[in-house]
Amino acid sequence: MPDFPVTDITATPEWSALAEHHRAVEGKHLRELFADDPGRAEALTASGADLVLDYSKHRITRDTLPLLAALARAAGLPERTAAMFAGERINTSEDRAVLHTALRLPREASLTVDGQDVVADVHEVLDRMGAFTDDVRSGKWTGHTGERISTVVNIGIGGSDLGPVMAYEALRAYADRSLQLRFVSNIDPTDIAEATRDLDPATTLFVVSSKTFTTIETLTNAKAARRWLVEGLGSEDAVAKHFVAVSTNAEKVGGFGIDEANMFGFWDWVGGRYSLDSAIGLSLMVAIGKERFAEFLAGMHAMDEHFRAAPLEENLPAIAGLLGVWYVNFFGTETHAVLPYSQYLHRLPAYLQQLTMESNGKSVRGDGTPVVTATGEIYWGEPGTNGQHAFYQLIHQGTRLIPADFIGFAEPNHALPVEDGDGADMHDLFMANLFAQSSALAFGKTAEEIAAEGTPADVVPHKVMPGNRPSSTILAAELTPSVLGQLIAFYEHVTFVQGTIWGIDSFDQWGVELGKVLARELGPSLTGGPVDGLDASTTALVRRYREWRGR
Ligand code: F6P
């Protein structure tokens with residue numbers, strides 16, 4: 001395993017300076033911070049590529065970010081960033097390079113890793129994906145019976161599902177509506193059964209997406225899909241025209257019966273949760289076309305360049321990542337809400353859960369020693385305005401501090417008027433909610449203000465809005481493929497910044513392995529095998545399950 005040098009970040013003067021600064025700031029209300037610094041909104045707003053980040057509604061002063069940037073330098077963020085982009089093996093526990101940024105390098109760029117021209121490899125696969133996409137969309141690619149494909153079903157899980165489904169939902173406005181996309185991930189048989197029940201095998205194409213091609217959920221679903229197809233079309237030969245694979249494992253793909261000509265590859269230097277921009281994005285490309293997919297990649301690249309080049313104090317992912325550290329390590333927060341004001345982004349929180357929590361949910365540092373700080377933020381959320389009518393109550397008036405990201409767009413993807421809107425359209429009303437919520441969270445409403453409205457004295461305490469609840473507002477002109485790419489790359493780098501401060505390897509995920517092994521071992525005891533060697537609780541549960549299933 002390569003060396004992973006770590007420093008005790010809490011023992012640095014930069015950490016001490018932040019701890020002292022925190023003592024000075026924690027008691028201040030955002031109302032006071034805004035009153036003390038009238039230029040604050042402008043000063044604490046940054047932009048990168050097409051995104052604008054207003055971070056003025058955070059529990060910080062103008063001194064905070066320079067102190068956080070100094071901490072990032074003490075943790076070696078600039079050096080580690082350079083190492084990542086250069087293809088060094090910074091994923092030490094798996095001894096791998098971390099090069100998702102190479103997946104969006106333009107054709108004319110160059111990057112050689114271990115003597116291999118990575119950019120040429122990437123574009124060779126992109127070209128094959130593009131040709132396949134054109135064939136499916138134009139109807140040149142036909143099924144076994146000669147019919148045009150009308151439904152593409154992506155079978156994958158984790159990074160081989162969450163990215164494609166999130167981005168497909170996000171970019172539906174750009175999708176070819178004559179093609180239907182479905183996503184199957186869960187080993188719950190309900191998923192594949194419901195996804196296929198009304199489909200015609202003759203017009204259905206399965207994309208089996210799995211980096212390793214060993215993931216039990218994906219392979220089980222893929223086999224169920226193959227049975228359904230072969231039964232429906234009456235011939236094993238149909239598989240060749242109805243199954244393609246996306247994987248790094250050509251041997252296993254061949255073993256499954258998918259021809260290598262129908263396989264789109266990628267490389268071990270692409271982590272599963274960082275793989276949407278690899279061939280794992282094939283179903284997305286089929287939906288939106290290769291040109292839009294290229295725009296999506298260009299957006300990611302634009303954010304990469306911003307992250308690589310902008311000074312930390314003006315660098316969107318660095319600012320957002322360091323603010324996360326500020327809250328987790330100095331205010332003791334645990335969760336982070338993501339509140340997209342875009343129905344199209346309804347799967348973004350789920351996608352970010354894997355990206356951030358599989359990356360930074362670690363208790364040891366890169367060298368195997370225990371972490372010296374809390375790590376990882378618990379990401380969660382729902383699109384506004386739905387969340388407003390569900391859980392915002394707790395964010396506004398509960399006892400926990402929950403930093404939030406509001407994400408919104410100026411241009412609607414659909415322009416719909418409202419009857420009595422005084423010139424405002426539906427999108428204006430929607431965005432008014434975003435601005436209102438972040439303002440209410442920050443500034444609240446005092447008991448005096450509420451009493452002055454004639455509220456009975458005994459009701460006043462219930463209506464007090466404490467405020468001082470921090471949030472970022474991320475705005476862009478419109479949700480385009482490029483802007484989606486920028487947003488995803490933004491959060492990838494936020495995750496990397498935080499992992500670097502905490503000294504952890506954000507690119508391995510050993511914590512998911514034990515559950516997989518136990519599930520395999522447990523399997524036979526559910527169907528009649530001996531129920532032994534299990535803990536007492538699990539034994540009782542398995543016995544009850546078997547009883548109910550008559551086994
Ligand atoms: O859950 C663990 C994990 O390895 C994820 O990191 C990954 O995205 C997912 O499983 C799927 O893996 P694969 O693409 O190899 O099927």
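Predicted model: local features only at pLDDT ≥ 70, side-chain atom pairs only at ≥ 80, totals over all residues.

User: Let's start with the record. Which residues does UniProt mark as "active site"?

Analyst: The unreviewed UniProt entry puts that feature at Glu-358, His-389 and Lys-516. They are spread over 159 residues of sequence, and in space they are up to 37.0 Å apart between C-alpha atoms. From this set, Glu-358 and Lys-516 belong to the lining of the largest pocket.

User: Where is His-389, and why is His-389 called exposed?

Analyst: His-389 sits in the loop between strand S11 (378-381) and helix H16 (392-397). Exposed means over 50% relative accessible area.

User: What makes Lys-516 partly exposed?

Analyst: Below 20% a residue would be buried and over 50% exposed, with partly exposed in between. Lys-516 has a relative accessibility of 42%, so it counts as partly exposed. You'll find Lys-516 in helix H21 (residues 513-527).

User: Back to that largest pocket. What is its volume, and which residues are closest to its centre?

Analyst: Its volume is about 920 Å³. The lining has 39 residues, and closest to the centre are Thr-212, Thr-215, Gln-509, Glu-513 and Lys-516.

User: Which helix gives the largest share of the lining of the largest pocket?

Analyst: That's H21, with five residues. Helix H9 (216-233) and helix H15 (348-360) also supply at least two residues each. By class, the lining of the largest pocket divides into 13 nonpolar, 16 polar and ten charged residues.

User: What makes something a cavity here and not a pocket?

Analyst: A cavity is a set of points where a 1.4 Å probe fits but cannot get out, while a pocket is an open set. By that rule, there are three cavities of 30 Å³ or more in this model.

User: How much space lies in the largest cavity, and what lines it?

Analyst: The largest cavity holds about 90 Å³. Its lining has 13 residues, and Ala-320, Gly-324, His-336, Asp-405 and Ser-472 lie nearest the centre. Helix H14 (316-331) and helix H20 (481-502) are the elements that give two or more residues to this lining, and H14 has the largest share with four. By class, the lining of the largest cavity has seven nonpolar, four polar and two charged residues.

User: And what lines the second largest cavity?

Analyst: The second largest cavity has about 50 Å³ of space. Its lining includes Leu-103, Val-122, Met-129, Trp-267 and Asp-277. Helix H6 (residues 118-138) gives the most to this lining, with four residues. Eight residues of the lining are nonpolar, two are polar and one is charged.

User: Now the strands. How do you know that strand S8 is mostly covered?

Analyst: Count the buried residues: in strand S8 (residues 243-247), five of five are buried. Phe-243, Ala-245 and Ser-247 point one way, Val-244 and Val-246 point the other way, and all are buried.

User: Which strands pair with S8, and in what sense?

Analyst: Strand S7 (residues 204-209) pairs with S8 in the parallel sense over four bridges, and strand S9 (residues 263-265) runs parallel to S8, joined by three bridges. Two strands count as paired with at least two bridges, so both cases meet the cut-off.

User: One last label. Why is Phe-213 called buried?

Analyst: The cut-off for buried is under 20% relative accessible area. Phe-213 has 2%, so Phe-213 is buried. Phe-213 lies in the loop between S7 and H9. Phe-213 and Val-253 are 40 residues apart along the chain, yet their C-alpha atoms are separated by 6.8 Å.

Definitions and conventions
Residues numbered from 1 in each chain as written. Heavy atoms only, no water. UniProt positions renumbered as here; feature names shortened; annotations may be inferred. 1 Å grid on protein atoms, 1.4 Å probe; cavity = no way out; pocket = protein on both sides within 12 Å on 5 of 7 lines; lining within 4 Å. Buried < 20%, exposed > 50% of the residue type's maximum accessible area, 1.4 Å probe, protein only. Points joined across faces, edges and corners; volume = space filled by probe spheres on them. Nonpolar A, V, L, I, M, F, W, Y, C, P; charged D, E, K, R; others polar.
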